[in-house]
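Trainee: Could you walk me through reading a structure like this one? I would like to begin with the overall picture and then go to the rings.

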Amino acid sequence: MNFPHPANKTASLHFLFHPLALGVMLLGAPGCQSELPEEAWEPASGTVERELRVANSLTTKALVLNAISTNPTASDLLISGGLAALFHPTTGDSYLQRQLRDVDAQSFMSYLVSCALPAGNTIAWRDPLTLTTRTWEGKAGLCPQWELGAPSSTCKNRVSACLLARNNALGRRVELSMRGEDALQPALFSLESQTRPVEYDPALGRVPSFEECATAQSGVGRDCGWKGDFIGRCIPGQTVRLGAGGRTPDQCLTGPSLGTWSGARMMLRVCEGNIGCDSGDTRYLGQSQGTCATTNAAVAFTCPASGFFNVMSAPYDSTLTGNASVAVETGTYAGTIYRLSEKAVYRLREGAYYGNIFDSKALATKVLVDENGHIVGKDQTIQGSVYKKMFSCQAPEWSNDAAYASHRVCALPGSGANCAARPVGDCINYTTPSASKCRKEDGPVVLGDGNFEECYDSENALWWEPITVFLYEACGLTPGIPSEYCTWRSTKK
C-alpha cells in the first residue's frame with residue numbers, strides 16, 4: 001500500500017507535551033492519582049471556539065462485526081459515492097439498505113456520519129426494521145466531501161481514526177478530546193478556550209436536569225430546565241465560593257458579591273468533575289436560589305478530591321429566561337480557576353489511532369445480511385484485529401500500556417480477540433527513540449496540543465492522519481479492570 005507524503009507537511013520534530021475527551025488521570029482515585037503539571041491549570045481566555053470534543057459510545061462489537069464495514073461488498077459501495085445518494089430513503093442503494101437490518105450497521109453509520117460531516121449536516125435514510133425515514137447527524141466535519149461525493153484517501157483515513165477513537169468495549173458514553181492536524185484547515189482541530197459541562201452520565205445516559213421541564217416548575221430542587229455553564233478547578237479540601245450576583249451564606253456581612261444575572265431570577269448548582277448532576281446525585285456539591293435574605297444566588301462548597309467542579313444555571317421559574325454570569329472568589333487557599341479550557345479539562349493523553357477501516361481486502365472476517373434478511377457472521381471470535389489496516393499506539397505516560405491497549409480496542413480483551421485495531425506499542429519511546437511509532441509528538445499546526453503525528457504501523461508503513469485522544473479520567477473508558485491497567489502517571493517512561 002502506498003502512502004503519499006503530502007507537500008504541506010513539515011519534517012520538524014516537536015516534543016512539547018500537553019497534558020489534557022475519545023484524559024487519563026483520576027485525581028483522588030487509588031492507582032490513578034498523580035500531580036498535575038502547572039500548564040494544565042491555565043485559565044481560559046477569549047470565547048468558546050469551534051470544538052472537536054465528541055462522545056465515545058460506539059461498542060467495539062458494533063465496530064468490528066457489522067454488516068457495513070465488515071462486509072467487503074458494502075464497504076466498497078460505501079466509498080464509491082456520496083452518502084446522501086447511497087442512503088437516500090427512496091433511491092438509495094438497495095444492497096446497503098438491506099445491510100441496515102443489522103442494528104450494529106445502523107450504529108456504525110451513525111458514528112461514521114458524525115465523524116465525517118460537520119454539525120448541522122444530516123443524511124436521511126430509511127430504517128428497514130421500522131420502515132420509517134430517519135437521519136444521521138454530522139458533528140466533527142472531518143470529511144465534508146463525503147456527503148455528495150466519494151471520499152479521498154485522506155478523508156477515509158481521518159474518518160477511520162475517528163471511528164476507532166470513539167469505540168470502547170462497553171459502549172460507555174465518555175467525552176473525548178480528539179487532536180490532530182490539517183495544514184489546509186488549521187481550525188479543524190482547534191481547542192475550546194472555555195469548556196462546558198458534559199450532559200451525559202457514562203452509565204445512566206443524559207442527566208435529567210438538562211432536559212426541558214414538561215410542566216411549569218420553580219425552585220432550586222427541580223431536576224429539569226438547567227443548562228451547563230463552565231468547569232473549574234480548585235485545591236481539594238478548601239472552601240470554594242462562587243455566585244451570580246449574591247454573597248455566599250458564610251459571608252453575608254463581609255463577603256463580596258460574586259457575579260451577576262440578568263433577565264429572570266437565576267439559580268445555581270455545583271457538581272463534582274466535568275459532568276452535570278441532579279440534586280440527589282453523588283456528584284452534587286451545592287446549589288442556591290438566593291442567599292443572605294436576597295434572591296441573588298451564591299454557593300460555598302468544599303473542593304472535592306478530584307479538584308474539579310462544574311456549574312449549572314437555571315431560571316427560578318422554568319417558563320422564563322435569564323442569564324447567569326458566574327464569578328468565583330479568587331486569591332484564597334482554594335486557588336480557584338473557572339472557565340477552564342479544553343486543554344485544562346481533557347489533560348490526560350491516551351494514545352493515537354490511525355489506519356484505513358475501509359480497505360475491503362484487509363478484513364479478517366465477513367458479516368452480511370443475506371437476501372432473506374438473515375444476519376450472517378455476527379457470532380464469531382476472531383483472534384487479533386478484524387481490521388488488518390487499523391492501528392493504535394499508546395502514550396508513554398501509561399504504566400501498563402499493552403494491557404490498557406487490549407482493553408481499549410478489543411471486544412474480548414481478556415483473550416485479545418475481536419479487536420478493532422492492532423496495538424503497535426508506544427507512540428513515543430523516550431528510552432529507545434528508535435522504537436517510537438510516531439515521528440512527532442506535537443505538530444506545528446496547533447502548537448501545544450500534545451498530539452502524535454506521522455505514525456508507523458506494524459509493517460513500518462507511515463500514516464499521515466492519526467488522531468490523538470485525551471481523556472478527563474484514566475479509567476473512564478475501561479471501568480472494572482484492574483487499576484494498574486489504567487494508571488496514567490504524569491511522568492514519562
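Mentor: We will go from the whole chain to a hairpin, the cores and the aromatic pairs. This is a predicted model, in which local features need pLDDT of at least 70 and side-chain atom pairs count only at pLDDT 80 or more, while totals for chains, interfaces and linings use all residues. Residues are numbered from 1 along each chain as its sequence is written, and side-chain values use heavy atoms, with hydrogens and water left out.

Trainee: How many helices and strands does the protein chain have?

Mentor: Helices (H or I, at least four residues) and strands (E, at least two) are DSSP runs, numbered from the N terminus. Here the protein chain has eight helices and 29 strands.

Trainee: Which strands form a hairpin?

Mentor: Strands pair if DSSP finds at least two bridges between them. Strand β3 (residues 122-127) pairs with strand β4 (residues 132-137) in the antiparallel sense, over six bridges. T122 stands opposite E137 in β4. Four residues lie between the two strands of this hairpin, and L131 in the turn has a positive phi of about 60°.

Trainee: What share of the residues is buried?

Mentor: Buried means under 20% relative accessible area, exposed over 50%, and partly exposed in between (1.4 Å probe, protein chains only). Of the 493 residues in the protein chain, 57% are buried.

Trainee: Which residues have the most contacts inside the largest nonpolar core?

Mentor: In soluble globular proteins, nonpolar side chains tend to be buried together. A nonpolar core is a set of buried Ala, Val, Leu, Ile, Met, Phe, Trp, Tyr and Cys residues joined through side-chain atoms within 4.5 Å. The largest one has 77 residues, and F87, M109, L112 and L163 have the most contacts inside it. Helix α5 (residues 103-116) gives the most to this core, with eight residues. A second, separate core of 20 residues includes F210, C277, F308 and I337.

Trainee: How many aromatic pairs are there in the whole structure?

Mentor: A pair of aromatic rings is described by the distance of the centres and the angle of the planes. Rings of Phe, Tyr and Trp (its six-membered ring) pair if their centres lie within 6.5 Å; planes under 30 degrees apart count as stacked, over 60 as edge-to-face and the rest as tilted. A search of the whole structure finds nine aromatic pairs. W125 and W136 are stacked, at 4.5 Å centre to centre with 15° between the planes. W125 is in strand β3 and W136 in strand β4. W125 is buried at 2% relative accessible area, and W136 is buried at 4%.
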